[in-house]
Amino acid sequence: MNQQFEQELQSSWQERQEYAEMMLPLIGKLYRNHAVEITVYGRPLLNASAIDVIKAHRSVRLHEGVKLRLRESWPILEALSKMKLAPAQIDIGKLAFDFHYGSAVDKTDHVAYLKNALSDVLDLDDSQQPQDVVLYGFGRIGRLLARLMIERQGQSNKLRLRAIVVRGGKEGDLEKRASLLRRDSVHGPFNGSITVDEERKAIKANGSYIQVIYANSPDEIDYTTYGIKDAIVIDNTGMWRDRDGLGLHLKAKGTSKAILTAPGKGDIKNIVHGVNHGDIKPEDTILSAASCTTNAITPVLKALDEQYGIVSGHVETVHSYTNDQNLIDNYHKAERRGRSAPLNMVITETGAAKAVAKAYPQLAGKLTGNAIRVPTPNVSLAILNLNLSKTTDKVSVNEFLRDTALFSDLQHQIDYTASKEIVSTDLVGSRAASVVDSQATIVADSRVTLYVWYDNEFGYSCQVMRVVRDMAGINFPTLPR
């Protein structure tokens, strides 16, 4: 490697760093001032580092076969920062690629192009009011939901975490709760500052004031005494799954709606965002966000069924162990689950295959399912063995799923990887409900086997927040369409 080549390489890297560093303040201001979230081919850049911005741009080549340079997307972002925009998620990667390599007639006028592409949110007033949110329970999902709401803290934040409700109240409890939010063995340290207000029984995180309420039953709480009004309560305890039990939340003063982070029973709507979120009505007061596995597989199954038709299939989930299992062999009411979770693969049942039909009735009676719990703490894998009504091939299926992940209405639910080296820990923190592993796809005529990864904690929590936004009537369009 000669000296000139090294200098060119260093110069190119420095240019990318400088553009990324210029982008970060604009990305932050667009969210704080307009509730506009910036992405690059679906990768969120809110609270990202300069390296994150560079890596997001590098990923474009994997999808388009052409490099997208930061100096090409910078003028797009700069122009956006000077516009009056309503809340939205705007993909500057797709806009820049289309401008430079796609539909733009005039390749010099960024502003005219953007005015046309973003007409849905241009020069509109933000009339959406903030929504109070309460977390009932503060376990694995509860703490991740807290992180997701706190990371969007600011004047433009529409979902405001006002309180968490837990049992206990013993000495040192508050600091322990805060410590579990600060540090996570799987998801890493909290991105920000957390302090404890012992006198007021509250946690302060990145400017958010979160009241900690100790209670044994949902209906004994008066949220209005803490200034909380018409709150959506997210029940992540799993203690109540039917309408009567979850209805206890609505008997508390200061609440208006409740959502369960587990499959609901009876006539409760089980919502998989991206699939049947259109079923959410303003008058719905109790909803379920279904399970992590149902959220992972239903969007992929829906896409394949609409494109190829699914005749029948079997879903096998390779699922990380959960708190429901034992660390060491001990009594458990369920078969096999009493055996040590960190030491064994455990065959168990899953209702996810049947639950798909609650969100997507077209597959009712067509799927069977089973599960294997494995000794990993997070990230699971669904293996979809499907019989289609059409013959196809691996390339066609993968291209269809790649395009679905990038450009369809399911782009927030389905992600796609072409990596030959990806393993489960690489998917920790994935915000999509599932990630299609294209290298593992098997197709033989009308028989297809797909391997679909999912972060059963964080990816699922992102799905829950999408349902909560819809419950609150908060509409953030994704642009370009």
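1. Start with helix α12, residues 458-471. In this predicted model, α12 lies across β5, β9, β10 and β11, and α12 runs at about 150° to β10.

2. Now for the sheet under that helix. It's an open sheet of eight strands with mixed pairing, and the order reads β6-β7-β8-β5-β4-β9-β10-β11. At the edges you'll find β6 (194-197) and β11 (286-288), each of which pairs on one side only. On average, neighbouring strands here are turned by 25° against each other, ignoring direction.

3. Another helix to look at is α8 (residues 243-251), which packs on the sheet too. α8 touches β4, β9 (231-235), β10 (255-260) and β11, and the direction of α8 makes about 140° with that of β10.

4. Zoom in on one strand pair. Strands of a sheet pair through backbone hydrogen bonds, either parallel or antiparallel. Which sense do β4 and β5 use? Strand β4 (residues 131-136) and strand β5 (residues 159-166) go parallel, over six bridges. If you want a spot to check by eye, find Val-134, which stands opposite Ala-163 in β5.

5. Last stop: helices α1 (residues 3-34) and α2 (residues 50-64). Their axes come within 8 Å and cross at roughly 110°. Angles from 65 to 115 degrees count as roughly perpendicular, so that's what α1 is to α2. The crossing is right-handed.

6. Who does the touching there? From α1 it's Trp-13, Arg-16, Gln-17, Ala-20, Glu-21, Met-23 and Leu-24; from α2 it's Ala-50, Ile-51, Val-53, Ile-54 and His-57. Sorted by class, the contact of α1 with α2 has eight nonpolar, two polar and two charged residues.

Conventions:
Residues numbered from 1 in each chain as written. Predicted model: local features only at pLDDT ≥ 70, side-chain atom pairs only at ≥ 80, totals over all residues. Heavy atoms only, no water. Pairing = 2+ DSSP bridges. Helix = DSSP H or I, 4+ residues; strand = E, 2+ residues; numbered from the N terminus. Axes fitted to C-alpha atoms, helices over the stretch in contact; angles between N-to-C directions. Contact = heavy atoms within 4.5 Å. Parallel < 35°, antiparallel > 145°, perpendicular 65-115°, else oblique. Left-handed = near helix turned anticlockwise from the far one by under 90°. Nonpolar A, V, L, I, M, F, W, Y, C, P; charged D, E, K, R; others polar.
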